[in-house]
Amino acid sequence: CPVLSGGRRVGDWQPYRDSIVQCSVPEGRGKWRFRQLFYNGQRQVRARTPNFDPRDPLKGGWANMEGPAEPGSQTAFKYKPGTFARPWAKPAEAEVNVFLGSDWANNIIPFQSIDEGARVVTLAHSTTLFTKPTSPLPYSIPIPFNPNQRFRVENVLEELDQPGEWCWDSQAGTLYFWPPDDTVSQGEVVIPVLDTLVSLRGASHIVVSGFTF
């Protein structure tokens with residue numbers, strides 16, 4: 001059946017270092033911020049710290065923060081000593097994947113800065129969650145950071161350290177990838193470039209069938 005895809009193939013891989021290759025995607029420079037990459041139809045892991053733990057995919061591979069940078073903060077938290085093994089050249093490319101409250105809410109928020117001396121990460125916006133206007137809950141729910149909440153940092157080139165990981169440098173328009181095998185030049189790498197595949201407005205009684213999305 002026909003396939004509707006919001007992704008595009010990328011190629012022309014060049015050596016970067018060790019087993020990592022790189023590809024220039026100039027049209028995405030400064031514009032694209034994507035979180036998925038598929039290699040031969042299989043989703044790969046965005047470079048992250050701590051690393052993904054296949055033995056415990058739900059609870060493994062997370063760090064636990066020390067607590068909010070200031071009481072009640074929704075934009076900055078303090079991390080524990082030894083959380084990060086090395087400095088990062090471009091922390092603004094990173095995002096924090098964090099569980100909030102009592103692990104009932106999850107958010108992915110871009111970095112703004114990191115203060116290694118104070119061990120403080122500041123995010124680009126707050127952790128406030130928004131509900132539907134028709135929800136019985138308040139439309140906006142502020143959720144401050146709490147001690148020991150779990151988080152991980154994604155999309156940091158220095159943390160690209162195992163097969164299957166990738167990293168997108170939006171500032172430079174460069175994609176980095178450690179392929180899980182040696183056939184990346186013959187394989188298919190796809191990244192998402194569309195937010196929406198099908199948009200229906202003011203319509204009803206519509207059936208969409210016969211497509212693979």
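Which residues line the largest pocket? In this predicted model, the lining consists of Arg 35, Gln 36, Arg 43, Gln 44, Val 45, Arg 46, Arg 48, Phe 52, Asn 97, Arg 152, Glu 154 and Trp 166. The pocket holds about 210 Å³ of space. Two elements, β6 (45-46) and β16 (150-154), each give two or more residues to the lining. Sorted by class, the lining has 3 nonpolar, 3 polar and 6 charged residues.

**The sheet that contains β6**

The strand β6 also belongs to an open sheet of 5 strands, whose order is β2-β3-β18-β17-β6 and whose pairing is mixed. The edges of this sheet are β2 (14-17) and β6; each has a single partner strand, so one side of each is left without a neighbour in the sheet.

| Strand pair | Sense | Bridges | A residue pair |
|---|---|---|---|
| β3 and β18 | antiparallel | 4 bridges | Val 21 and Phe 177 |
| β6 and β17 (residues 165-169) | parallel | 2 bridges | Val 45 and Glu 165 |

Is Thr 174 buried or exposed? Thr 174 lies in strand β18 (residues 174-177). Its relative accessible area is 12%, and Thr 174 is therefore buried, the cut-off being under 20%. Apart from its neighbours within four places in sequence, Thr 174 is in contact with Gln 22, Cys 23, Cys 167, Trp 168 and Asp 169.

**The sheet that contains β4 and β5**

Another open sheet has 4 strands in the order β1-β19-β4-β5, with antiparallel pairing. Its edge strands are β1 (7-10) and β5 (42-43), and each of them pairs on one side only.

**The nonpolar cores**

In soluble globular proteins, nonpolar side chains tend to be buried together. In this model, the largest nonpolar core has 22 residues. Which residues have the most contacts inside this core? They are Phe 77, Val 96, Val 121, Phe 151 and Val 153. At least two residues of the core come from each of β11 (95-100), β12 (105-115), β13 (120-123) and β16.

Val 153 shows what such a residue touches. Not counting residues up to four places away in sequence, Val 153 touches Ala 47, Arg 48, Thr 49, Phe 84, Trp 88, Ala 94, Glu 95, Val 96 and Phe 111.

A second, separate core has 16 residues, including Tyr 39, Trp 166, Trp 168 and Ile 191.

**An exposed loop residue**

Pro 71 is found in the loop between β9 (67-68) and β10 (76-78). With a relative accessibility of 84%, Pro 71 counts as exposed, because the cut-off for that word is over 50%. Between the C-alpha atoms of Pro 71 and Val 25 there are 42 Å in space, and the two are 46 residues apart in sequence.

Notes. Residues numbered from 1 in each chain as written. Predicted model: local features only at pLDDT ≥ 70, side-chain atom pairs only at ≥ 80, totals over all residues. Heavy atoms only, no water. 1 Å grid on protein atoms, 1.4 Å probe; cavity = no way out; pocket = protein on both sides within 12 Å on 5 of 7 lines; lining within 4 Å. Points joined across faces, edges and corners; volume = space filled by probe spheres on them. Nonpolar A, V, L, I, M, F, W, Y, C, P; charged D, E, K, R; others polar. Buried < 20%, exposed > 50% of the residue type's maximum accessible area, 1.4 Å probe, protein only. Contact = heavy atoms within 4.5 Å. Pairing = 2+ DSSP bridges. Core = buried A, V, L, I, M, F, W, Y, C linked by side-chain atoms within 4.5 Å.
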